[in-house]
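Open the model in your viewer and keep the selection tool ready.

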Amino acid sequence: MRPFSYTRASSAAEAARAAAEQPGARFLAGGTNLLDLMKLEIEHPEHVIDIGRLPLGEIAAADGGLRIGAMATASEVAADARVRRDYPVLAQALLAGGSPQLRN
Amino acid sequence: MATTPAGAPSVSIRLTVNGTSRALDLDVRTTLLDALRERLNLKGAKKGCDHGQCGACTVLVSGLRINACLSLAVMHDGDAVTTIEGIGLPDRLAPLQRAFLDRDAFQCGYCTPGQICSAAGLLDEAARGWPSAATGDLTAPVKLTDAEIRERMSGNICRCSAYPQILDAIRDVAGQGT
């Protein structure tokens, strides 16, 4: 894996600013895809901005539907009672992908 | 927001590993798996494929199973990590470890720490009521049938193909309600 600078963002605005200031930066969330590609040097960002701790994982009722936060994990969405009751195809699709470890 | 420059030799982090707080200075590229194995000398979690496909590196972070090979140690600054060594040791085996021995649920044993950590995660996820791809009625309570256990262990590969015995071991423990 090639060297990169690492930044942990403490707010979404800060993450967006860091990305704007650093061309070629990549956001790091769960990392299961990005880090795999970085090991293979398919991805080789100079800057990595970790957004994993941002409070963006909420699943909330909105406008007659559900609003799913960008940091909600596949496991959390698939386990959500409203998703299972009202959007079972979404839960099934998530559960058909990856492995439990990757979905977490 | 602190930035570690590219090429910088080290970043300082702290992990709580199996209940003990550990401080580490490491290259920011270090995976959680390498930090555990090479820096903390916890050799239980194994490096099989190093690409998140085999599950040999499975550990629990904040109680949830993940592939330690696809996670940077620095992402887990402040987190609680449980490895096979924290599940149980030879003089005080956890029920899952006892069951794997009783059921002869391995041949070479390389995948076993990951299998057992994954099984621990499986039991917790089932207790939370999380569904799987084998769950027929997504709104019904989870029942750990053999098909459910197989599906929920699909992230762990056993090259010796001890799958029937692994299933037996996990079924034994799941049936105990632990």
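Predicted model: local features only at pLDDT ≥ 70, side-chain atom pairs only at ≥ 80, totals over all residues.

Select residues 95–102 and 112–127 of chain B: these are helices H3 and H4, packed at an angle of about 125° with their axes 10 Å apart. Helices here are DSSP runs (H or I, at least four residues), numbered from the N terminus. Axes are lines fitted to C-alpha atoms over the stretch in contact, and angles run from 0 to 180 degrees between N-to-C directions.

Residues are numbered from 1 along each chain as its sequence is written, chains are lettered from A and ligands numbered from 1 in the order written, and side-chain values use heavy atoms, without hydrogens and water.

Now show the side chains in the contact (heavy atoms within 4.5 Å). H3(B) brings B:Leu96, B:Gln97 and B:Phe100. Among the H4(B) partners are B:Ile116, B:Ala119 and B:Leu123.

How many cavities of 30 Å³ or more does the whole structure hold? The search finds 2. A cavity is a set of points on a 1 Å grid over the protein atoms alone where a 1.4 Å probe fits but cannot get out; lining residues have an atom within 4 Å of a point.

Select A:Leu95, A:Arg103, B:Glu125, B:Trp130 and B:Pro131, the closest to its centre of 13 lining residues.

Last stop: the second largest cavity, about 30 Å³. Its lining includes A:Met1, A:Phe4 and A:His44.

Notes: Helix = DSSP H or I, 4+ residues; strand = E, 2+ residues; numbered from the N terminus. 1 Å grid on protein atoms, 1.4 Å probe; cavity = no way out; pocket = protein on both sides within 12 Å on 5 of 7 lines; lining within 4 Å. Points joined across faces, edges and corners; volume = space filled by probe spheres on them.
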